[in-house]
Amino acid sequence: PLLDEEASIAQADTMKEECDKGWFEDFDESAIISIIGGNSQASNEALAKQYEKKYGESLKGALKGKCGDRLYDALSALIIPKAEFIAFRLHTAMEGWGADGMILTRLLGGLDGKAMLGVTAAYEDKYSRPLWSKLKEEISGDFHTAAQAWLRGPGAVNSPSNPWFQPPNPGGGNPPFHNAWRVNGDRVPVSPLFPMGYGLSYTTF
């Protein structure tokens, strides 16, 4: 059930009290987990909106640095829409020196066409650039080719204006797809999300 506004405000106040604690005060992780873990996804999203409206900062940002990385990621996944969270994880996987191919593989390989469109839209809205553009900058080789195929689902960035665009394979047919990406030399099994032929020549595999 969705929390009413009064309950969301009360939870936001509790979250603020915990997030404002300094170095020498105990941040009560159990209280935060109890609130966020006990809410529905919709209630958590309402809580996050209420927190930002009342305190002028995002709840996700307020929690940053207050708990361990894994707990932070878990809490973030529960307080923002799924597409936004995946866009955030994709972005962090491409920060610093070299992209984290394993994380990118798992995130992209778990999206179907509709979900992919939501993630690409969320990524561009948050980071002011297309996801395919960032991936093209960070990855190369077979991994680049496979990521390109994943992004080229129905309605995705499949147009001649896209620098990754290639016309449909003139040879036709539908040869078997090797269900693996190579990450640091290792084959990582994934399931294909779209049939072959969405603008990608089979000769590139």
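## The overall fold

Helices here are DSSP runs of H or I with at least four residues, and strands are runs of E with at least two, both numbered from the N terminus. With that in hand, welcome to the structure, which is a predicted model.

The protein has 10 helices and 2 strands. Of the 205 residues in the protein, 40% are buried. Look next at contacts between residues at least 6 apart in sequence: 63% of them join residues at least 24 apart.

## Where α6 meets α8

How do the axes of helix α6 and helix α8 cross? Helix α6 covers residues 82–93 and helix α8 covers residues 113–127; their axes come within 8 Å and cross at roughly 65°. Angles of 65 to 115 degrees count as roughly perpendicular, and α6 and α8 are therefore roughly perpendicular to each other. The crossing in which α6 passes α8 is right-handed.

On the α6 side, the contact is made by Ala83, Glu84, Ile86, Ala87, Phe88, Leu90 and His91, while α8 brings Gly118, Val119, Ala122, Tyr123 and Tyr127.

## Where α1 meets α2

Helix α1 (residues 5–19) and helix α2 (residues 29–38) have axes that come within 10 Å and cross at roughly 150°. An angle over 145 degrees counts as roughly antiparallel, and α1 and α2 are therefore roughly antiparallel to each other. Here the crossing, with α1 passing α2, is left-handed.

Which residues make the contact of α1 with α2? Helix α1 supplies Gln11, Thr14, Met15 and Glu18, and helix α2 supplies Ile32, Ile35 and Ile36. These residues of the contact of α1 with α2 divide into 4 nonpolar, 2 polar and 1 charged.

## Tyrosine pairs

Aromatic pairs are worth a visit too: the structure holds 3 of them. One is formed by tyrosine 51 and tyrosine 55, whose ring centres are 5.1 Å apart and whose planes stand at 50°, so the pair is tilted. Both belong to helix α3 (residues 41–55), and because they are 4 residues apart there, about one helical turn separates tyrosine 51 from tyrosine 55. Are these two tyrosines buried or partly exposed? Tyrosine 51 has a relative accessible area of 0% and is buried, whereas tyrosine 55, at 27% relative accessibility, counts as partly exposed.

A further pair joins tyrosine 123 and tyrosine 127, with ring centres 4.8 Å apart and planes at 50°, so this pair is tilted as well. Tyrosine 123 and tyrosine 127 lie in helix α8, 4 residues apart, which is about one turn of the helix. Tyrosine 123 counts as buried, with 0% relative accessibility, and tyrosine 127 is partly exposed, with a relative accessible area of 21%. Tyr123 and Tyr127 are also among the α8 residues that make the contact with α6.

Leucine 3 sits in the segment before α1. At 25% relative accessibility, leucine 3 counts as partly exposed. What does leucine 3 touch, not counting residues up to four places away in sequence? Its partners are Ser8, Gln11, Asn39 and Ser43; Gln11 is also one of the α1 residues in the contact with α2. The C-alpha atoms of leucine 3 and asparagine 44 are separated by 8.7 Å, although the two residues are 41 residues apart along the chain.

Lysine 53 belongs to helix α3 and is exposed, with a relative accessible area of 65%. From C-alpha to C-alpha, lysine 53 and alanine 12 are 10.0 Å apart in space, and in sequence they are 41 residues apart.

## Serine 128

Most residues other than glycine have a negative phi. Serine 128 has a positive one, near 60°. Where is serine 128? Serine 128 is in the loop between α8 and α9 (131–138), and serine 128 is exposed, with a relative accessible area of 67%.

How values were computed: Residues are numbered from 1 along each chain as its sequence is written. This is a predicted model: local features need pLDDT of at least 70, side-chain atom pairs count only at pLDDT 80 or more; totals for chains, interfaces and linings use all residues. Side-chain values use heavy atoms; hydrogens and water are left out. Axes are lines fitted to C-alpha atoms, for helices over the stretch in contact, and angles run from 0 to 180 degrees between N-to-C directions. Angles under 35 degrees count as roughly parallel, over 145 as roughly antiparallel, 65 to 115 as roughly perpendicular and the rest as oblique. A crossing is left-handed if the near helix is turned anticlockwise from the far one by less than a right angle, and right-handed if clockwise. Contact means heavy atoms within 4.5 Å. Ala, Val, Leu, Ile, Met, Phe, Trp, Tyr, Cys and Pro count as nonpolar, Asp, Glu, Lys and Arg as charged, and the others, Gly among them, as polar. Rings of Phe, Tyr and Trp (its six-membered ring) pair if their centres lie within 6.5 Å; planes under 30 degrees apart count as stacked, over 60 as edge-to-face and the rest as tilted. Buried means under 20% relative accessible area, exposed over 50%, partly exposed in between (1.4 Å probe, protein chains only).
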